[in-house]
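Hello,

Here is the structure I promised to pass on.

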Amino acid sequence: MTENRTSGRLLKAPENFITGDGVRQVFAQAKEGRRDFLRSAFTAAAAGAALAGASAARAVTAPADGDPAILELPEHSRGLGQPVVTDGYGKPSKHERNVQRRQSPGLTQTAQASVSFAPLQSLFGIVTPSGLHFERHHQGWWDVDPSKHRLMVNGLVKAAKVFTVDEIMRLPSVSRFHFIECGANTGMEWGNVAVPTVQYTHGMLSCSEFTGVPLVTLLQMAGADLKKGRFALAEGADGSSMTRTIPMSLIESGEVLVAYGQNGEMLRPENGYPLRLVVPGVQGVSWVKYLRRIEVGDQPWNTKDETVHYVDLMPDGQHRQYTSLQECKSVVTTPSGGQVLLDKGFYNISGLAWSGRGKIKRVDVSVDGGRNWRTARLESPVLSKCLTRFNIDWAWDGKPTIVQSRAMDETGYVQPASRQLRGVRGTRSIYHNNAIQSWLVQESGEVKNVQVS
Ligand SMILES: Nc1nc2c(c(=O)[nH]1)N[C@H]1C(S)=C(S)[C@@H](COP(=O)(O)O)O[C@H]1N2
Ligand SMILES: [Mo]
């Protein structure tokens, strides 16, 4: 008989701490033999009661092929537990300490202008816990005092206006789930396989419920000229001079938020506390953190982060600019690189799909390197410009094979194979790699990042 342990780690943990932890849900053979004597105080007492002539004996015995340890009452079933957590903020279980954001060794020279990647292989559903949200800083992060922070709206407005955080929090608010993906996510994979795990290939991706005020409300309060002012410049308060042009069409739709909330609480300092711009569907760099200024203007600004960086190097050597929308993409997170499948048999293939253009319509999964595709189940909710969780059943026959996912969004756009993408974009680009990801499951059960031609 097989046993379904949904929370146990039946997979061997990879030796290298860096490469991420194991698949969580597997069916595996119960390894321990059967023991057919009564063991626990519980059952001994029940047996005693039976001897004493009690009518219905309630002896509990382990099923013949089950784990007899179930009959031993552990310490936590007999003793007194911990008192309520009065000393502050709750923390994850100590058994989960392997689930962390991680820096890719050698990727950047300083930890201030760096990235920490979200452990996608360990997450369920669509929301990224705030303490595991990826980070990208160009000049380090700050814990800015909200009582001193200000946001100015200027440029093509009737009168420049300065808001305090309290003033912004008094305005009508909205809460929306959206993904944020750095334009450089999966950027290391343009030439060839570069990194071992999904945390490093796709971990510049997170998803939260953001709460804030539509930016258009603040622009209206300042009397912005939305006829002439077809662009806005967003500026951050950190030392990176992070400035990005946002098209007014996105702002007018009401989607762009000046957010202060993330997953039910204030933003984390690493994610822009106390104010950040939320620009759904657009690459992360436009989600300016520590937001201090919005300028309304009549043309794009061509700032450093839109001329030197976040441009696409095309095969002819020219740079393509303002390709800010994150196109439809997906990735299988289980099984994924660095994980080890213990045995052949049943697995739940699970992954994430998203599109900067709207909702995910369909995800197909291949377990034979792209020859055959089956349509996966999309788990609810399926929201616009948000991560969508997909699942599909798989019985692994124990032979080496390649697992892939391919997403389609509501516009009908289909996620490309890397060969298709390279045909248009070449191999020397950095940004906006939304190609299909391939994971090789080896006979040993070890899963590896590979690229298929
Ligand atoms: N002020 C400021 N805003 C910023 C950045 C920054 O360095 N400074 N980095 C940008 C980049 S490149 C990305 S991908 C996202 C990352 O957001 P996160 O750190 O909350 O994940 O923030 C963007 N906003
Ligand atoms: Mo980014």
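Below are the conventions, then the findings.

This is a predicted model, where local features need pLDDT of at least 70, side-chain atom pairs count only at pLDDT 80 or more, and totals for chains, interfaces and linings use all residues. Residues are numbered from 1 along each chain as its sequence is written, chains are lettered from A and ligands numbered from 1 in the order in which they are written, and side-chain values use heavy atoms, with hydrogens and water left out.

Overall picture. The protein chain has eight helices and 25 strands (DSSP runs numbered from the N terminus: H or I of at least four residues, E of at least two). Of its 453 residues, 49% are buried (under 20% relative accessible area, 1.4 Å probe, protein chains only). Take contacts (heavy atoms within 4.5 Å) between residues at least 6 apart in sequence: 70% join residues at least 24 apart.

Cysteines. There are zero disulfides (cysteine sulfur pairs within 2.5 Å). Cys 386 is in none; its nearest cysteine sulfur, on Cys 207, is 3.7 Å away. Cys 386 is buried, at 1% relative accessible area.

Asp 238. This residue sits in the loop between strands S9 (231-236) and S10 (243-247). Asp 238 is buried but has no salt bridge; Lys 289, the nearest side chain of opposite charge, is 7.0 Å away. A salt bridge needs a Lys or Arg side-chain nitrogen within 4 Å of an Asp or Glu carboxyl oxygen. Leaving out residues up to four places away in sequence, Asp 238 touches Gly 140, Trp 142 and Tyr 290.

Best wishes

How values were computed:
Buried means under 20% relative accessible area, exposed over 50%, partly exposed in between (1.4 Å probe, protein chains only). Lys and Arg count as positive and Asp and Glu as negative; His and the chain ends are not counted.
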